[in-house]
Amino acid sequence: MKSIVVFCGSSEGVDPVYGSKAYELGETFAKKTIQLVYGGAKIGIMGKVAEGVLDNGGKVVGVIPVFLKKKEVVHEGLTELIVTQNMHERKLKMHDLSDGILMLPGGFGTLEEFFEMLTWSQLGLHQYPIGILNTNGFYDSLLKMMHDMVNEGFVKQEHINTILVDDDIDSLLKKMENYTPLPTPKWINKEQL
């Protein structure tokens, strides 16, 4: 993987471990020459992961919609900043610039971005590895909910199995590097990919 999109919070959370783990992820990206693609903000753990990459000589591409850039949350020191017209265009651009997807702790926006990319994978629109860095067990309840969806017949176990989860950065990146995607669904044709 040469470029990974990271979805995470624009807040730092209550526990400082979220920010320090995000910064450590950025350091690891820089050392492994993995380009960070993210939401372009200087605040929250979004800013921490970007700083981790930049402080260690790595490359960071921020993708931010114009209305958020106007609110002065944009990180001015990035390798590249791409400004989009809206949130949907932002997600599409982030997807196009990456070959892996990773979620850190965050709020509604983080979940929305993650689940859209997960849905695209389920539909066969991409075959990128999708990881969750489960810092401090932050996503334990969400992971239980996903298994409840399987048990209640709303999600197939094979789709849950495509989500790679770890609380250790190196272990998670290794899982992502070794990921084997599911076959593309037969009801999706080449023109839709």
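Thr33 counts as exposed, at 66% relative accessibility (exposed means over 50% relative accessible area, buried under 20%, and partly exposed in between, with a 1.4 Å probe and protein chains only). Thr33 sits in the loop between H1 and S2 (helices, H or I with at least four residues, and strands, E with at least two, are DSSP runs numbered from the N terminus). Thr33 has a positive phi of about 50° although it is not a glycine. Asn136 belongs to the loop between S6 and H6, and at 52% relative accessibility it counts as exposed.

A word on the numbers: this is a predicted model, in which local features need pLDDT of at least 70 and side-chain atom pairs count only at pLDDT 80 or more, while totals for chains, interfaces and linings use all residues. Residues are numbered from 1 along each chain as its sequence is written, and side-chain values use heavy atoms, with hydrogens and water left out.

Now for the inside. The largest nonpolar core has 30 residues (such a core is a set of buried Ala, Val, Leu, Ile, Met, Phe, Trp, Tyr and Cys residues joined through side-chain atoms within 4.5 Å). Ile4, Val6, Leu25, Phe29, Leu36, Leu102 and Leu104 have the most contacts inside this core. At least two core residues come from each of strand S1 (3-7), helix H1 (17-31), strand S2 (35-38), helix H2 (44-54), strand S3 (60-65) and helix H8 (169-177). H2 gives the most, with five residues. There is also a second, separate core of 23 residues, and Phe7, Val37, Met94 and Ile101 are among its members.

Leaving aside neighbours within four places in sequence, Leu102 is in contact (heavy atoms within 4.5 Å) with residues including Ile4, Val6, Leu25, Phe29, Ile132, Leu172 and Met176. Ile132 lies in strand S6 and is buried, at 0% relative accessibility.

Ile169 brings helix H8 into the picture, where the buried residues are Ile169, Leu172, Leu173 and Met176. They cover an arc of only 95° around the axis, which puts them on the same side of H8 (the arc is that of the directions from the helix axis to the C-beta atoms). At the N-terminal end, Asp168 caps H8, with a side-chain oxygen 3.3 Å from the backbone nitrogen of Asp170.

Aromatic rings come next, and the structure holds three aromatic pairs (rings of Phe, Tyr and Trp, the last with its six-membered ring, pair if their centres lie within 6.5 Å; planes under 30 degrees apart are stacked, over 60 edge-to-face, and the rest tilted). The rings of Tyr18 and Phe138 have centres 5.6 Å apart and planes at 75°, so this pair is edge-to-face. Tyr18 lies in helix H1 and Phe138 in the loop between strand S6 (130-133) and helix H6 (140-151), so the pair ties together parts that are 120 residues apart in sequence. Tyr18 is buried, with a relative accessible area of 13%, whereas Phe138 is partly exposed at 34%. Another edge-to-face pair is formed by Phe114 and Phe115, with ring centres 5.3 Å apart and planes at 80°. Here Phe114 is buried at 0% relative accessible area, while Phe115 is partly exposed at 26%. Ring pairs also link Tyr18, Phe138 and Tyr139 into a cluster.

Thr84, in strand S4 (residues 80-84), is buried at 1% relative accessibility. Glu116, in helix H5 (residues 108-122), is buried as well, with a relative accessible area of 19%. Beyond its neighbours within four places in sequence, Glu116 is in contact with His88 and Lys91.

Notes
Polar contact = N/O pair within 3.5 Å; in protein donor to acceptor, adjacent residues only side chain to side chain.
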